[in-house]
Amino acid sequence: MSKREDAQKDAQDKDKAALRRRLLQLRRATPAATRLAWDQQIAAQLLDWCRRHQPRSMGVYWPIQAEPDLQALYPILSGAGIQLALPVVHTRHAPLTFVQWTPGDMMEKDAHGIPVPAFRETAIWPEVLVIPCVGFNRDKFRLGYGGGYYDRTLAAAPAIRPLVAIGVAYQCGLADFNSEPHDAALNVLITEQACLA
């Protein structure tokens, strides 16, 4: 990489960091009652997608930093026969591992303070990943927290059975940013306003 390309990448990284901070601040400033209503709309659209596509397994997430909170939906999905799994970070620069989880299972906090299943013996590769987004653009690329965990996970998807990546975000997370070569576009994007496939 040339010095000019290095400088451009540094500028782009700084722009994304500033955008990430702005979007997180916007999300946190949204009243809790408004976010609750948006969460219900997102959950209804995700449930509708599941009824139409009938996945057998789904990687979900435990909400942090005012992410869309879909926890009320998880028992419904589990009751419909969808095997749920939660992400676990084993190594910093590696893909996520997904372990089987049923709502009500014992939980403990990981090194980042995020609840994970206490019993993590059964890893699975879900058919569908539900991925929270800090932001997203019109081409369905997501902006995350910058750790690259989901990017590495999507890149590691088995070629024989690629997974479906569903991003969930609030519509206020729509932003204009360029994707990078290692970024993977989402297959589906769900906000409180729309389900875009």
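## Aromatic pairs

Three aromatic pairs are counted in this predicted model, where rings of Phe, Tyr and Trp (its six-membered ring) pair if their centres lie within 6.5 Å, with planes under 30 degrees apart classed as stacked, over 60 as edge-to-face and the rest as tilted. The ring centres of Trp-38 and Tyr-170 are 5.1 Å apart and their planes stand at 55°, so this pair is tilted. Trp-38 belongs to helix α2 and Tyr-170 to the loop between β10 (164–168) and β11, so the contact ties together parts 132 residues apart in sequence. Both Trp-38 and Tyr-170 are buried (under 20% relative accessible area, with exposed over 50% and partly exposed in between; 1.4 Å probe, protein chains only).

The rings of Tyr-74 and Trp-101 have centres 5.8 Å apart and planes at 90°, so they form an edge-to-face pair. Tyr-74 lies in helix α3 (residues 74–79) and Trp-101 in strand β3 (residues 97–101), so parts 27 residues apart in sequence are tied together. Tyr-74 is buried at 1% relative accessibility, and Trp-101 is buried at 5%. Ring pairs link Trp-62, Tyr-74 and Trp-101 into a cluster.

## Basis of the model

Residues are numbered from 1 along each chain as its sequence is written. The model is predicted, with local features needing pLDDT of at least 70 and side-chain atom pairs pLDDT 80 or more, while totals for chains, interfaces and linings use all residues; side-chain values use heavy atoms, leaving out hydrogens and water.

## Open sheet

Eight strands form an open sheet with mixed pairing, in the order β6-β3-β2-β1-β7-β10-β11-β12. Strands β6 (123–124) and β12 (195–196) stand at the edges with a single partner strand each, so one side of each has no neighbour in the sheet. Strands are DSSP runs of E of at least two residues, and helices are runs of H or I of at least four, numbered from the N terminus; two strands pair if DSSP finds at least two bridges between them.

Strand β11 (residues 188–190) runs antiparallel to β12, joined by two bridges. Ile-190 stands opposite Cys-195 in β12.

## Charge over a ring

Arg-152 lies over the face of Tyr-149, at 5.1 Å from the ring centre. The criterion is NZ of Lys or CZ of Arg within 6 Å of the ring centre and within 35 degrees of the ring normal.
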